[in-house]
Amino acid sequence: MAKDFYIGKWLIQPSLNRVCLQEEHWKIEPKIMNVLLCLAEHPNEVVTREFIFEAVWGETIVVDMALTRAISELRSIFKDKATSPAVIETIPKRGYRLIATVDREQNTLESSTNVIPPSASQNDRSPVFFYSTAAIVVILVFIFTISILDAPEPVKTYSAKPVTSLKGWEFNPAFSPDGNSIAFVLQQNGIPFSQIYTTSLDGDEEPVQLTSSEGFHFAPAWSPDGNTLAFYFNDSGRVSIKSIPPFGGEENHIINVNALAAGLHWSPDGNSFAYVNADTMTQQHAIYHYFVEDKTSIKLSFPPRTNWGDHYPRYSPNGDQLAFIRSEVEGKQDLFLIDIVSREEKRLTNFSRPILGFDWADNETLFLSSSEQGEVYVYEFDLTTEDTASALKKLPLGKDKHNPTIHNGQLILEDWTKDIDLFSISLANDEINSLQPSPLSSSQWELHPSYSKLHGKLAFSSNRSGSFEIWTSDQDGSNLQKLSDIGSSLTGMPAWSPAGDVIAFDSRINGTSDIFIIDDSGMGTYQLTKGSSNDMSPTWSADGSAIYFASDRSGSWELWKKPINGDNSVRVTTNGGYYGAESVDGQFLFFTKHRVAGLWRLNLNSMEEELIIPELSSLDWGNWVVTENGIYFFQRRQSARVSSVSFYKFSSGEIETVAEIRNSVPVLDPSIAITPDQKKLLIGLITGYQGDLIMIEDF
């Protein structure tokens with residue numbers, strides 16, 4: 001076992017897998033320690049990635065990201081930056097170089113909790129060590145005085161007080177123009193509607209319910225004169241923007257929209273508002289501008305056609321600019337800015353991660369809530385700083401705070417959770433098709449289930465560990481294991497190989513999605529696709545020799561196929577493709593298209609396609625599973641307050657209802673799988689919402 005040594009001022013303790021600095025110490029994984037030792041054995045030398053892989057992992061096949069993650073974690077401990085390194089330098093296309101001093105001669109301390117940086121050795125000490133005690137005291141007093149004068153100001157902390165504490169989920173807060181009240185949305189558990197409420201911020205009154213019609217009311221926006229609340233209204237899939245007086249009255253229709261994502265904000269002069277609408281053909285969302293007097297609209301934003309689209313518009317306080325969120329794919333979002341006069345568009349951020357709301361503090365500052373490595377924080381963003389990294393400053397407001405809303409120095413945040421659990425449905429003729437809770441249910445999200453045909457194991461994605469990872473378990477919930485350890489903003493869509501011993505999945509490590517393969521022990525991981533395109537939603541060919549996946553590499557979303565042996569990927573669809581699965585006999589490819597309702601069948605011999613299930617919503621692009629006799633899929637009903645699991649029969653083309661679903665089905669997240677014996681379906685459903693609004697005091 002290697003002896004303790006120093007890298008710069010850090011004490012390295014290989015036998016304990018620990019790095020220490022004064023009173024702090026970090027426990028690291030053995031493999032990461034071995035990476036550090038490999039670099040330390042060759043200080044100031046370029047150590048190639050291949051050399052490190054062979055020295056640390058040997059013959060085990062691992063993905064490149066394993067080394068990248070190890071270097072990233074070491075840099076985090078050393079507070080080192082890749083752009084201006086002081087400890088580990090990246091040598092592009094070659095490897096890494098340890099540029100900090102390696103000292104194996106200094107005496108190390110045995111204490112495990114109070115480690116102090118080393119002093120110089122006795123032989124190197126200068127005559128100052130032999131000065132009188134009085135002289136040393138004078139020097140120390142001087143240093144102490146200077147340190148007080150130069151000490152940084154203490155970090156300001158903030159206290160929070162509750163604004164709402166109703167049973168259910170309170171979200172979408174909007175300040176009244178005078179700042180004395182807020183409007184918000186309440187989704188009560190067990191009630192399939194949401195309503196808009198207002199409440200005074202002085203806490204003397206109970207919240208007042210404004211809307212009462214059956215349907216989903218959301219995204220309220222207060223007009224600058226305080227006389228109108230505009231909001232979105234979804235009535236069984238028919239979406240519109242309405243208004244209501246802020247102290248009660250009739251709901252008034254303004255305009256019909258075709259939006260799945262919402263966003264509504266009045267211009268400061270009150271003559272118009274920005275809103276989100278979707279193209280009826282492509283279903284791509286964009287920002288529009290509605291003129292109240294003329295009752296006309298114009299399109300403001302034009303996202304690239306492979307993007308999911310734009311939402312959440314917010315005017316600057318002076319009304320000259322409009323900021324909004326652009327989603328390239330799920331979990332990959334950035335802030336953009338439009339100049340209202342010139343219509344010029346500017347990208348503000350480049351971190352490509354989830355953004356959970358934002359607001360203007362002033363004309364040059366935004367506050368935004370964003371998720372990084374599974375943790376949600378509120379950041380201040382300075383628009384006058386060109387560099388995104390320098391412009392962002394994390395605010396000391398704690399974790400899991402969403403959707404900052406600001407008015408005259410008052411800050412309101414959402415503190416909410418949404419629980420998604422797995423349920424089973426029996427397909428046996430002698431049993432009632434009722435939902436049975438899965439033993440895997442937790443207070444977090446469980447999504448993207450997939451069963452192994454080899455041993456019946458279940459793979460799924462969950463954020464129960466803090467970030468979304470791939471998990472496995474037996475069907476009864478036992479032998480629960482976290483398989484992946486990537487820590488990216490979103491890892492999911494596991495798919496077992498036909499042999500049942502390997503899982504393909506997608507992950508967004510640096511904002512771009514790629515396909516990975518991992519064995520059922522979690523020991524070996526391989527990155528199947530790389531590049532600047534987004535590759536996602538993998539499924540296996542029937543013979544297990546290749547993987548289908550969706551990619552935007554051609555400029556539009558199509559399905560591609562890549563052999564496991566490493567050959568080049570081949571484009572399969574030509575008229576759009578977003579999620580595909582081969583038939584059991586390998587003769588057909590069933591698939592959906594991006595933002596288009598329906599499920600298609602592609603003959604892999606003639607390459608002719610046909611629409612076979614037009615009833616499948618575009619929201620359920622991956623909510624279906626192929627069997628030998630047909631396809632199980634979610635069917636959302638617009639006329640009823642329930643959805644259903646339905647079955648499409650290959651023999652007749654008929655569709656029959658298997659079970660009715662009264663819980664909400666997750667939108668745009670595949671949540672259905674079938675057991676190897678085809679006796680049960682496993683589905684993911686939203687089981688409850690919980691959230692309150694809080695105000696940050698002395699902000």
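**Exercise 1. Determine what share of the chain is buried in this predicted model, and describe its secondary structure and contacts.**

Solution. Begin with burial: of the 699 residues in the chain, 51% are buried. Next, take the secondary structure, which consists of five helices and 54 strands. Finally, turn to the contacts with a separation of 6 or more: 42% of them link residues 24 or more positions apart.

**Exercise 2. State whether P246 is buried or exposed, and identify its surroundings.**

Solution. First locate the residue: P246 belongs to the loop between β16 (238-244) and β17 (252-257). Then apply the cut-off for burial, which is under 20% relative accessible area. P246 has a relative accessibility of 3%, and therefore counts as buried. The next step is to list its contacts, leaving aside neighbours within four places in sequence: these are T198, L210, W222, G226, N227, T228 and L229. For L229, which is 17 residues from P246 along the chain, the C-alpha separation from P246 is 5.7 Å.

**Exercise 3. Identify the residues of helix α1 that are buried.**

Solution. Helix α1 spans residues 30-40, and eight of its eleven residues are buried, so the helix is mostly covered. The buried residues are I32, M33, V35, L36, L37, C38, L39 and A40.

**Exercise 4. Locate the largest nonpolar core and one other core.**

Solution. The largest nonpolar core comprises 38 residues, and Y232, I241, L264 and Y275 have the most contacts inside it. Its main contributor is strand β15 (residues 229-235), which gives five residues. Another core, of 31 residues, lies apart from it and includes A40, A70, I71 and A100. A40 is also among the buried residues of α1.

**Exercise 5. Characterise the largest cavity and the strands that line it.**

Solution. Begin with the search of the whole structure, which finds one cavity of 30 Å³ or more. The largest cavity holds about 80 Å³ of space. It is lined by 14 residues, of which E330, H448, M493, D506 and R508 are the closest to its centre. Two or more lining residues come from each of β37 (490-496), β38 (502-508) and β41 (535-540). The greatest contribution is that of β37, with four residues. Sorted by class, the lining has six nonpolar, four polar and four charged residues.

To complete the solution, follow β41 into its sheet. Four strands form an open antiparallel sheet in the order β41-β42-β43-β44. Its edge strands are β41 and β44 (570-571), each pairing on one side only. Four bridges connect β41 with β42 (residues 546-551) in antiparallel fashion. In particular, W540 has I547 of β42 as its bridge partner.

Notes
Residues are numbered from 1 along each chain as its sequence is written. This is a predicted model: local features need pLDDT of at least 70, side-chain atom pairs count only at pLDDT 80 or more; totals for chains, interfaces and linings use all residues. Side-chain values use heavy atoms; hydrogens and water are left out. A nonpolar core is a set of buried Ala, Val, Leu, Ile, Met, Phe, Trp, Tyr and Cys residues joined through side-chain atoms within 4.5 Å. Buried means under 20% relative accessible area, exposed over 50%, partly exposed in between (1.4 Å probe, protein chains only). On a 1 Å grid over the protein atoms alone, a cavity is a set of points where a 1.4 Å probe fits but cannot get out, and a pocket is an open set with protein on both sides within 12 Å along at least five of seven lines; lining residues have an atom within 4 Å of a point. Grid points are joined across faces, edges and corners, and a volume is the space filled by probe spheres set on the points. Ala, Val, Leu, Ile, Met, Phe, Trp, Tyr, Cys and Pro count as nonpolar, Asp, Glu, Lys and Arg as charged, and the others, Gly among them, as polar. Two strands pair if DSSP finds at least two bridges between them. Contact means heavy atoms within 4.5 Å.
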